[in-house]
Amino acid sequence: MTFETDEARFWALLEDAWAGVGPEANGARAALAKRDPEEDAFDAAAEVEEYLVRVLTALRQATEGLSSEELTALDRVVERKLHDIDRRDVHEVTDGSDDGFLYARGFIVALGREFYEAVSRNPRLAVPDAECEALCYFFAHLHADLFGGFPGTGSGISRETATNPTGWA
């Protein structure tokens with residue numbers, strides 16, 4: 001499979017997990033992506049954060065039967081998405097320590113493709129103090145649970161903060 005195929009699969013799995021949470025959660029999630037970036041998003045983000053445990057539980061249930069190779073491919077997608085928004089302009093909005101910024105990027109990815117792409121285009125749509133630590137290594141941990149170790153993505157990139165040279169130039 002190609003990265004593009006794996007990426008499409010990741011976004012589809014995540015959307016399916018969100019679909020199971022219901023329309024109220026999905027409306028709040030969509031509103032974050034479409035809001036005026038000058039608007040305070042703290043309450044809306046807190047509302048969405050409340051649903052993340054259920055979303056990640058559904059995502060785990062949907063993927064725990066996958067092979068080592070399939071989980072590695074999904075981990076590679078998350079790794080790339082986190083790396084691509086490892087940027088100074090996104091950090092200026094979310095702030096936080098190195099770990100805090102990683103978790104903030106986890107929140108951005110966890111909300112799905114629409115929010116991720118909106119923030120990528122306009123970092124002012126990111127939300128300060130919103131985090132989803134669990135997504136950052138979600139598939140790596142699932143892989144370890146099922147197969148006894150973290151997968152080797154072979155990508156040569158890192159999801160850790162300030163490791164994207166283009167984003168911090």
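With which side chain does the side chain of Asn 26 make a polar contact? The partner is the side chain of Arg 29, at 2.6 Å. This is a predicted model.

**Asn 26**
- Asn 26 sits in helix α2, which spans residues 23–34.
- Its relative accessible area is 17%. Buried means under 20%, so Asn 26 counts as buried.
- Leaving aside residues up to four places away in sequence, Asn 26 touches Trp 18 and Ala 19.
- The 2.6 Å polar contact with Arg 29 joins side chain to side chain.

**Helix α2 against helix α8**
- Two packed helices are described by the angle between their axes and the distance between the axes.
- α2 packs with helix α8 (residues 113–121) at an angle of about 15°. The two axes are 9 Å apart.
- Angles under 35 degrees count as roughly parallel, so α2 is roughly parallel to α8.
- The crossing of α2 past α8 is left-handed.
- From α2, the contact draws on Ala 30, Leu 32, Ala 33 and Lys 34. From α8, it draws on Glu 114, Phe 115 and Ala 118.
- By class, this contact holds 5 nonpolar and 2 charged residues, with no polar ones.

**Helix α4 against helix α10**
- Helix α4 covers residues 52–63, and helix α10 covers residues 138–147.
- Their axes come within 11 Å and cross at roughly 50°.
- α4 passes α10 in a right-handed crossing.
- On the α4 side, the residues are Leu 56, Leu 59, Arg 60 and Thr 63. They meet Phe 138, Phe 139, Leu 142 and Asp 145 in α10.
- The contact of α4 with α10 divides into 5 nonpolar, 1 polar and 2 charged residues.

**Ala 8**
- Ala 8 belongs to helix α1, residues 3–19.
- Is Ala 8 buried, partly exposed or exposed? Its relative accessible area is 41%. This value lies between the 20% and 50% cut-offs, so Ala 8 is partly exposed.
- Ala 8 and Leu 74 are 66 residues apart in sequence. In space, their C-alpha atoms are 9.9 Å apart.

Note on methods: Residues numbered from 1 in each chain as written. Predicted model: local features only at pLDDT ≥ 70, side-chain atom pairs only at ≥ 80, totals over all residues. Heavy atoms only, no water. Helix = DSSP H or I, 4+ residues; strand = E, 2+ residues; numbered from the N terminus. Buried < 20%, exposed > 50% of the residue type's maximum accessible area, 1.4 Å probe, protein only. Polar contact = N/O pair within 3.5 Å; in protein donor to acceptor, adjacent residues only side chain to side chain. Contact = heavy atoms within 4.5 Å. Axes fitted to C-alpha atoms, helices over the stretch in contact; angles between N-to-C directions. Left-handed = near helix turned anticlockwise from the far one by under 90°. Nonpolar A, V, L, I, M, F, W, Y, C, P; charged D, E, K, R; others polar. Parallel < 35°, antiparallel > 145°, perpendicular 65-115°, else oblique.
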